[in-house]
Amino acid sequence: MEFNRYFSEFRFTAYRLESLQRYDVFYEKAEFDLFLGGQQRGEFPGIAQWIDGTVRPARNSGKLLHRVHVVEEPLSDYVRFECAWSYAHTVPAGEDVRLIPVPPGEWPEGLPHYDYWLFDSSILITMHYKEDGLFEAAEIVDDPERIVQANFWRDMAVSQSIPFTTFEAKYDGMF
């Protein structure tokens, strides 16, 4: 499966539910280490590519690219990194990023505790990660009941979430 093709082929909406408090992906390792070392955000090729190759073209075509991330408070180092080095830059470029803050060990009722992408409300791809956040695989799901369920979860998550800019203001420079 060529997963990346869905980001250029979707016609109306691309939605992501994020559930992990840390993702271990190769294209962020160097930047995450810089963040942990107290560095200010520098060139971040992975995010620049996401913005230039996906976010802006979608926005310029009238498409909606959005995500909801369930985040535990206090924020993990990774979530702080993601807010400061990713979301703070993808949102102004046109990505609608929203968050659902929860206390440790709690989870929004009715939402799954796994990640997925939903393209045009009809193509469901579940994302599989190891416990430490290392990506394992993406799986296309063609079961209509699961696709309808993912749409329901999307709507539920969006209705419970707050925009990134509101969340960012709450933390006022603590990322």
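1. Ground rules. The model is predicted, so local features need pLDDT of at least 70 and side-chain atom pairs count only at pLDDT 80 or more, while totals for chains, interfaces and linings use all residues. Residues are numbered from 1 along each chain as its sequence is written, and side-chain values use heavy atoms, with hydrogens and water left out.

2. α3 against α4. Helix α3 (residues 45-60) packs on α4 at about 25 degrees, the axes being 9 Å apart. Helices here are DSSP runs (H or I, at least four residues), strands are E runs of at least two, and both are numbered from the N terminus. Axes are lines fitted to C-alpha atoms, for helices over the stretch in contact, with angles from 0 to 180 degrees between N-to-C directions. That angle makes the pair roughly parallel (under 35 degrees; over 145 is roughly antiparallel, 65 to 115 roughly perpendicular, and the rest oblique). The crossing is right-handed, meaning that the near helix is turned clockwise from the far one by less than a right angle, with anticlockwise giving left-handed.

3. Who touches whom there. On the α3 side the contact uses Ile47, Trp50, Ile51, Val55, Arg56 and Arg59, and on the α4 side Trp85, Ser86, His89, Thr90, Pro92 and Ala93 (contact: heavy atoms within 4.5 Å). By class that is seven nonpolar, three polar and two charged residues. Nonpolar covers Ala, Val, Leu, Ile, Met, Phe, Trp, Tyr, Cys and Pro, charged covers Asp, Glu, Lys and Arg, and the others, Gly among them, are polar.

4. α2 against α4. Helix α2 (residues 29-36) meets α4 at about 100 degrees with the axes 10 Å apart, which makes the two roughly perpendicular. Glu31, Phe32, Leu34, Phe35 and Leu36 of α2 face Asp77, Tyr78, Arg80, Phe81, Ala84 and Trp85 of α4.

5. α6 against α4. The axes of α4 (residues 77-93) and α6 (residues 164-171) come within 11 Å and cross at roughly 140 degrees, so the pair is oblique. This crossing is left-handed. Cys83, Tyr87, Ala88 and Val91 from α4 contact Phe164, Thr165, Phe167 and Glu168 from α6, giving six nonpolar, one polar and one charged residues.

6. Arginine 98. This arginine sits in strand β3 (residues 96-102) and is buried at 16% relative accessibility (buried is under 20% relative accessible area, exposed over 50%, partly exposed in between, with a 1.4 Å probe and protein chains only). Its side chain makes a 2.7 Å polar contact with that of serine 161. A polar contact is a pair of N or O atoms within 3.5 Å; within protein, one must be able to donate a hydrogen and the other to accept it, and residues adjacent in sequence count only if both atoms are side-chain atoms. Beyond four places in sequence, arginine 98 touches Arg67, Val68, His69, Val158, Ser161, Ile162, Pro163 and Phe164. Phe164 is also one of the α6 residues that meet α4.

7. Arginine 154. Another buried arginine, at 12%, is found in α5 (residues 144-160). Leaving out residues up to four places away, arginine 154 contacts Tyr15, His66, Tyr116, Leu118 and Ser121.

8. The β4-β5 loop. Serine 121 lies in the loop between β4 and β5 and is partly exposed at 31%. Phi there is near 60 degrees, positive in a residue other than glycine. Aspartate 120, in the loop between β4 (115-119) and β5, also has a positive phi, near 50 degrees. Both are worth a look on screen.

9. A cis proline. The peptide bond from glutamate 73 to proline 74 is cis, with omega near 5 degrees. Proline 74 belongs to the loop between β2 (64-72) and α4.

10. Tyrosine 6. In α1 (residues 5-9), tyrosine 6 is buried at 8%, and its side chain makes a 3.0 Å polar contact with that of arginine 5. Tyrosine 6 and leucine 118 are 112 residues apart in sequence, yet 9.7 Å apart C-alpha to C-alpha.
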